[in-house]
Amino acid sequence: MTTADIRVSGRTVEIKRAEKELFPDDGITKADLADYYRRVGPRILPHLRGRPLMLERHPDGIEDGRFMQKDTPDYFPDWIHRKELPKEDGTVTYPVCDDAATLLYLVGQACITPHRWLSKADRPDHPDRLVFDLDPPPASGRGRPLGEDFEAVRRAATLLRELLDELELPAALMTTGSRGLHVLVPLDRHAAFDAVRAFARDVAELLADRHPEQLTTAPRKQARKGRLYLDIQRNGYGQTAVTPYAVRALPGAPVATPLSWDELDDADLTPRRWTLGTIDERLETDDPWGRELRRGRSVEAARGRLEKL
């Protein structure tokens with residue numbers, strides 16, 4: 001097995017078993033994954049810095065199982081930042097990815113997808129992101145072919161954005177690289193997770209009340225009756241969401257990709273529209289999130305506007 005040495009962020013990162021195929025059907029190796037994360041560093045690192053991470057690791061490739069890792073192993077080098085945070089029965093020491101060298105080291109550990117907290121390690125109880133997770137309803141719910149399910153996601157994202165506009169909240173859109181879309185709202189970190197989650201729930205309930213034939217907040221699948229579930233469950237302490245520009249451990253190596261809202265109507269758009277093999281052209285264009293996430297907004301102020309609706 002070969003080893004690749006990559007010089008980045010003033011360090012030399014060793015990628016062992018560099019020729020190991022993490023995506024066997026696509027011939028994508030650990031070295032290929034490392035090369036991608038090195039190139040995408042300027043875009044992904046702003047979404048990782050300062051945040052506790054959960055690592056999705058596939059040491060033997062995506063076809064041979066995975067494990068999700070929160071606690072930082074003792075053998076990780078000292079220069080990788082860590083943050084010890086409380087959990088119900090103790091603490092967890094999370095890895096924090098603040099530079100390209102750390103990102104490449106995680107790839108060397110067969111971390112295909114970094115999942116990030118919605119808060120930063122310095123104020124872990126106060127998120128700076130709110131996320132609505134929009135996945136398509138089951139195809140069998142109304143007899144729709146699988147290819148049409150994404151249309152329900154498009155409609156839900158459009159309706160959600162219209163409501164967020166009423167609340168004077170900016171929103172950013174991204175494919176998850178898996179089944180649907182994420183809609184993100186930047187926050188000012190004044191409100192704690194409980195207040196943010198309650199606000200997200202009330203927004204979802206109002207939207208579902210306005211469009212009861214299309215949308216639901218029912219957590220039980222049996223109660224959804226083919227409607228799209230407005231999922232706000234990621235908005236909690238210790239919960240994570242896929243990082244923008246992260247590769248997903250799925251056939252074809254799809255990439256979670258930020259979008260402009262104009263792209264929502266693109267007929268070619270799917271949750272896995274961009275992959276490791278097609279993302280390069282995308283990276284040559286301007287970041288579609290250049291403005292949407294710059295300034296965090298107040299949940300309290302938006303709550304007042306929501307109550308008037």
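Author: In helix α1, which spans residues 30–39, the buried residues are Lys 30, Leu 33, Ala 34, Tyr 36 and Tyr 37. They lie on the same side of α1, because the arc that they cover around the axis is only 160 degrees. That arc is taken from the directions from the helix axis to the C-beta atoms. Buried stands for a relative accessible area under 20%, exposed for one over 50%, and partly exposed for values in between, with a 1.4 Å probe and protein chains only. Helices are DSSP runs of H or I with at least four residues, strands are runs of E with at least two, and both are numbered from the N terminus.

The model is predicted, so local features need pLDDT of at least 70 and side-chain atom pairs count only at pLDDT 80 or more, whereas totals for chains, interfaces and linings use all residues. Residues are numbered from 1 along each chain as its sequence is written, and side-chain values use heavy atoms, with hydrogens and water left out.

Charged pairs come next. A salt bridge requires a side-chain nitrogen of Lys or Arg within 4 Å of a carboxyl oxygen of Asp or Glu, and the whole structure holds 17 of them. One of these joins Arg 210 to Glu 166, with 2.7 Å between the closest N and O atoms. Because Arg 210 belongs to helix α5 and Glu 166 to helix α4 (residues 149–166), this pair ties together parts that are 44 residues apart in sequence. Arg 210 is partly exposed at 35% relative accessible area, and Glu 166 is partly exposed at 37%. Salt bridges with shared partners also link Asp 35, Arg 38, Arg 39 and Asp 280 into one network. Another salt bridge connects Arg 129 with Asp 128, their closest N and O atoms being 3.8 Å apart. Here Arg 129 is buried at 11%, and Asp 128 is buried at 8%. Glu 14 and Lys 16 form a further salt bridge, at 3.9 Å from N to O, in which Glu 14 is partly exposed at 43%.

Helix α5 (residues 193–210) also lies across strands β10 (129–134), β13 and β14 (228–231), and runs at about 40 degrees to β10. For this angle, axes are lines fitted to C-alpha atoms, for helices over the stretch in contact, and angles run from 0 to 180 degrees between N-to-C directions. Contact means heavy atoms within 4.5 Å.

The open sheet has six strands in the order β13-β14-β10-β12-β11-β16, and its pairing is mixed. Its edge strands, β13 (215–216) and β16 (258–259), each pair on one side only. Two strands count as paired if DSSP finds at least two bridges between them. Within the sheet, β11 (residues 172–175) and β12 (residues 181–186) are antiparallel over four bridges, with Ala 172 opposite Leu 184.

Strands β7 (residues 81–87) and β8 (residues 90–96) are also antiparallel, joined by seven bridges.

The cysteines complete the account. A disulfide is a pair of cysteine sulfur atoms within 2.5 Å, and the count is zero. The sulfur of Cys 97 has its closest cysteine sulfur in Cys 111, 9.0 Å away, which is too far for a bond. Cys 97 is buried at 0% relative accessibility, and Cys 111 is buried at 3%.
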